[in-house]
Amino acid sequence: MSLYVEARIDADIDELWARTQEPSQHQRWDLRFTAIDYLPQVPGEPRHFRYGTRVLPFLTIAGTGTSAGEKRRADGTRTSALRFSSPHPLSLLQEGSGYWRYVPAPDGGIRFLTGYDYRPRWGRFGALADRVLFRPLMGWATAWSFDRLRLWLERGITPERQLLHALAEVAVRVGCVVTAVVAAPMVALAALALAFVLPPLPTTPAARRCLRTPPARTRAPRVLATLQER
């Protein structure tokens, strides 16, 4: 899997599972999705779902997917896997697959991690756009969302309130840079550097708090193979 994100979350594993597996909860903290809904399930088949991402006020890119979960294992680890695709012609992401793992840490808490990959559309242009812009953006959005989930579980700060915190903090940083440019042009570069270097407030989600490189060579879970290729 070419994209990897891991967050350490001090929470009950059942509560973490619920907030990541229930669509109404998942769509609140995950920046990558605006809406997630389960489709009617056929007995004996994986769960099917529909998702949407609003990229403009008047434009939502939708897709569908299938998921399967290994809710419990002997060592306490839980796993869920999914395959997804979007037929929308404006969606750079054509199809892909991924997994979530919930790994109890020896000293308490949960290692919540994901690995996923996808195939872009639009030929060579799509591959270039993905490599230069879209894939780094997806990695950042995943990590930012994982930290948003962590703050929700650990501190009880709702995802909606965290978004307001983030927007307010960005506004303050931009305002400081603009003020420095106008009032003291000689220190504008220093103000700009500080705006990027200073860590976000503890109540504001930050992608930098998540691990973005797997600690060791990882393999996709076997449950992913139970989902048929689209």
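**View 1. Trp 100, a buried residue of strand E6.** In this predicted model, Trp 100 has a relative accessible area of 8%, so Trp 100 counts as buried, the limit being under 20%. Trp 100 has its place in strand E6. Leaving aside residues up to four places away in sequence, the contacts of Trp 100 include the aromatic residues Trp 29, Phe 112 and Phe 146. To compare a place along the chain with a place in space, look for Pro 46: Trp 100 and Pro 46 are 54 residues apart in sequence, and their C-alpha atoms are 16 Å apart.

**View 2. An aromatic cluster that includes Trp 100.** Six residues make up one aromatic cluster here: Trp 17, Trp 29, Trp 100, Tyr 102, Phe 112 and Phe 146. The model has 11 aromatic pairs in total, counting rings with centres within 6.5 Å. In the pair of Trp 29 and Phe 146, the ring centres are 6.1 Å apart and the planes meet at 70 degrees, so this pair is edge-to-face. Trp 29 belongs to helix H2 (residues 23-29) and Phe 146 to helix H3 (residues 123-155), so the pair links parts of the chain that are 117 residues apart. Trp 29 and Phe 146 are both buried.

**View 3. Phe 33 beside Tyr 51.** Here the ring centres of Phe 33 and Tyr 51 are 5.6 Å apart and the planes are at 80 degrees, so this pair too is edge-to-face. Phe 33 sits in the loop between H2 and strand E2 (35-38), while Tyr 51 is found 18 residues away in strand E3 (residues 47-56). Are these two residues buried, partly exposed or exposed? Phe 33 is partly exposed, at a relative accessible area of 22%, whereas Tyr 51 is buried, at 9%.

**View 4. The largest nonpolar core.** This core has 20 residues. Those that touch the most other members are Ile 9, Leu 16, Trp 29, Tyr 102, Phe 112, Phe 146 and Leu 149. At least two core residues come from each of E1, helix H1 (13-21), E6, E7 and H3. H3 gives the most, with 6 residues. Take Phe 146 as a guide: beyond residues up to four places away in sequence, Phe 146 touches Val 5, Ala 7, Trp 29, Trp 100, Phe 112, Leu 113, Thr 114 and Cys 210. Another core of 8 residues lies apart from the largest one, and its members include Leu 3, Phe 49, Tyr 51 and Leu 93. In soluble globular proteins, nonpolar side chains tend to be buried together.

**View 5. Strand E7 and its two partners.** Strand E1 (residues 3-9) pairs with strand E7 (residues 110-120) in the antiparallel sense, over 7 bridges. Within this pairing, Val 5 has Thr 114 of E7 as its bridge partner. E7 also runs antiparallel to strand E6 (residues 93-104), and 11 bridges join E6 and E7. Pro 104 stands opposite Ile 110 of E7. E6 and E7 make a hairpin with 5 residues between them, and Gly 108 in the turn has a positive phi of about 100 degrees.

**View 6. Two arginines over tyrosine rings.** Arg 101 lies over the face of Tyr 99, 5.0 Å from the ring centre. In a second example, the charged end of Arg 135 is placed over the ring of Tyr 118, at 4.2 Å from the centre.

**View 7. The two sides of helix H5.** Which residues of helix H5 (residues 188-197) are buried? They include Ala 188, Ala 191 and Ala 195. Seen down the axis of H5, the buried residues fall within an arc of 60 degrees, so they line one face of the helix. Helix H4 (159-183) is part of what covers them.

**View 8. Leu 167, an exposed residue of helix H4.** Leu 167 lies in helix H4. Its relative accessible area is 53%, so Leu 167 counts as exposed, the limit being over 50%. Leu 167 and Thr 204 are 37 residues apart in sequence, with a C-alpha to C-alpha distance of 9.3 Å.

Note on methods. Residues are numbered from 1 along each chain as its sequence is written. Side-chain values use heavy atoms; hydrogens and water are left out. Rings of Phe, Tyr and Trp (its six-membered ring) pair if their centres lie within 6.5 Å; planes under 30 degrees apart count as stacked, over 60 as edge-to-face and the rest as tilted. Helices (H or I, at least four residues) and strands (E, at least two) are DSSP runs, numbered from the N terminus. Buried means under 20% relative accessible area, exposed over 50%, partly exposed in between (1.4 Å probe, protein chains only). A charge sits over a ring if NZ of Lys or CZ of Arg is within 6 Å of the ring centre and within 35 degrees of the ring normal. The arc is that of the directions from the helix axis to the C-beta atoms. Contact means heavy atoms within 4.5 Å. Two strands pair if DSSP finds at least two bridges between them. A nonpolar core is a set of buried Ala, Val, Leu, Ile, Met, Phe, Trp, Tyr and Cys residues joined through side-chain atoms within 4.5 Å.
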